[in-house]
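Subject: Structure handover

Hi,

Here is the structure for you to look over.

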Amino acid sequence: MTTINNHYLDLPDDFYRAISPEPLPQAELIHSNHHLQNELGSHFTDEALLKITSGNSPELQSVAQKYTGHQFGYYNPDLGDGRGLLLGQVYDRDGQSRDLHLKGSGQTPFSRRGDGRAVLRSAIREYLVGEALHHLGVPTSRCLSLCHSPETVYREQPETRASYLRVAKTHVRFGHFEWLAQRQDKPGMQQLADYVIRHNYPHLQSFPEAERYQQLLIEIIEGTARLMAKWQTVGFCHGVMNTDNMSVAAETFDFGPFAFMDDFKIHYICNHTDTQGRYAYSQQPNIGLWNCQILASAFAPIAGESIQQSALDRYVEVYNAHYHELMAGKFGIRDAEKLNKGFIADTLILLDQSALDFHYFFLLLNHFDGAQHDQFTSYLPESKAWRKWLDQYAQLMQDEDNPQAIRTRNNPQLVLRNYIAQEIIEEAQQGRYQMLADWMQYLRTPFQAPEALHSYIAPPTTAKKGFALSCSS
C-alpha cells in the first residue's frame, strides 16, 4: 500500500493541532475513484480506503490546520480546519506532492459551533464536481473515496453522515498567510513560503531569498487569474470565494453552493445566502483580484511592498489574455487576436437578455455552418440584434480553417448541472449508488457524451432549474 507521510509536521507546532478523526459508525465505502488513484500512481485497496475515509486509521498523523481569512469581505481571526483533517501526503507519477485531506472527520479546536461532520448530500456534490472540473480542464481538488454512515446529522433537516478523502496539491490557503501577517510572524511567513515553494513551486528554490518570495507571490496571483478565466468560460460559479477558500496552488477549492449555469445570467448568484451578490458570476474575476490584493498585503513582510502593484497588474493582464484565448476557442477561432472583445461582451449581453442556456448555446454553435436555418440559428430568437450578431459571426468564420474542430474541443456536451447532481443524491439517499458510479465515468469525457445521455444535453425544464443552495450544501 502507498505510504502516507505528513510533512506539514515539519512546520512549527502552532501551525496546527494534532487530532484524530471521529470514526463513522457502520461506515460503508460507496465509491472509490480508481481513475484518480491510477493517475496518482497510488495503491490503496478498497479495504484500506474504507479504513482511512471512515476515520479508522489511527496510525496516521492527522492535523487540523490553523488559518484565518476574509469571509464575505470581513476578516475572521477564528478560522481553521473545522470539519476536516490533513492526513498527510503521497507523491504522484510526476513527483508532485499531493495532500490527502479527510472531510467530515468530526470536531476540531477550530469547529466553533459546528459538529465537524459532513452530510451525504454535500459530500456527493464535492465528489462529483472535482471530477467534472478536472476533465473540463479546470485546476481543482478532487476526491479519492467516499463513505456513508446511517448516523443522523442535523442541517436544515435531518440527514445522514458521510466523509470523503480529498486530494489537492496543497491545503495551504491565502488565509494561512493572512494569519501569520496578522500576528506579525515574519519567520513563520518565511517558513510557510519555503514549505509552499518546496512542495508546489520547486523551480523557485534556486532564486535568491527576496526574489524567491516575490516570484512566489506573482505565480500564485497569475495562477489565480488563469483559474478565474477558466471558471468564467465554463460557466462555473463557486459561491463562496472567501480568502480561506483560495488555494495557493491556484486550484478550485472548498466547494459549497457551486453551480454550472443554465440560462445565462451575467449577475447569477448560486448561493442563496449571498444576499448582496458579492460572489455572483459577474463578480468572480473582481473578487479573485480582491483576494489577491489581500494576499499581496500579507506577503509584504517577506516580499516587500514595492512588488505588490506590479504583481496585481499581472493578474489583470493574465486574466484578460487567458479569458480572451479561451473564449476564442469556444467560438472556433484559432487566433484570439482576431476576436474583438466587444463581440464577446455583445454575445453575453444577448444571451442574458434572451435567457438562453449558456452551455447549449455554445454546444449548438459547434454545428454552425453559416446557413440561416441550421440547428444553431433556429435556437436563436428572431430579432434584429441576433440577425446582426449572426452576420458578424459569419464574417469571423470566413477565413477560419475547420472551426468546428476547435469548437468541439472547447464546448462540452455534458456539464454537472444542479438537477443532475440532485438526481444522483436522491438515488444515493435511497441506498442506490450506481448512478453515482455511472456519472463519475460520464464526467470524464464531457466532450463526447454517449447517445444514452442525450437527454441531459438539452437545457433543463423550468422545474429542474433554480435549486436554492446554501453554504450547508
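Does Asp-346 count as buried, partly exposed or exposed? Asp-346 is partly exposed because its relative accessibility is 39% (buried is under 20% relative accessible area, exposed over 50%, partly exposed in between; 1.4 Å probe, protein chains only). Asp-346 sits in helix α9, residues 341–354 (helices are DSSP runs of H or I, at least four residues; strands are E, at least two; numbered from the N terminus). Trp-389 is 43 residues from Asp-346 in sequence, and their C-alpha atoms are 8.2 Å apart.

The model is predicted: local features need pLDDT of at least 70, side-chain atom pairs pLDDT 80 or more, while totals for chains, interfaces and linings use all residues. Residues are numbered from 1 along each chain as its sequence is written, and side-chain values use heavy atoms, without hydrogens and water.

Now the pockets. A pocket is an open set of points on a 1 Å grid over the protein atoms alone, where a 1.4 Å probe fits, with protein on both sides within 12 Å along at least five of seven lines; lining residues have an atom within 4 Å of a point.

The largest pocket has a volume of about 1,000 Å³ (the space filled by probe spheres set on the points, joined across faces, edges and corners). Its lining has 37 residues, with Gln-71, Arg-83, Lys-103, Arg-112 and Cys-471 closest to the centre. β7, β8 and α3 each give at least two lining residues.

The second largest pocket has about 380 Å³. Of its 22 lining residues, Pro-139, Lys-169, Ala-249, Ala-250 and Glu-251 lie nearest the centre. α6 gives the largest share of that lining, five residues.

Best wishes
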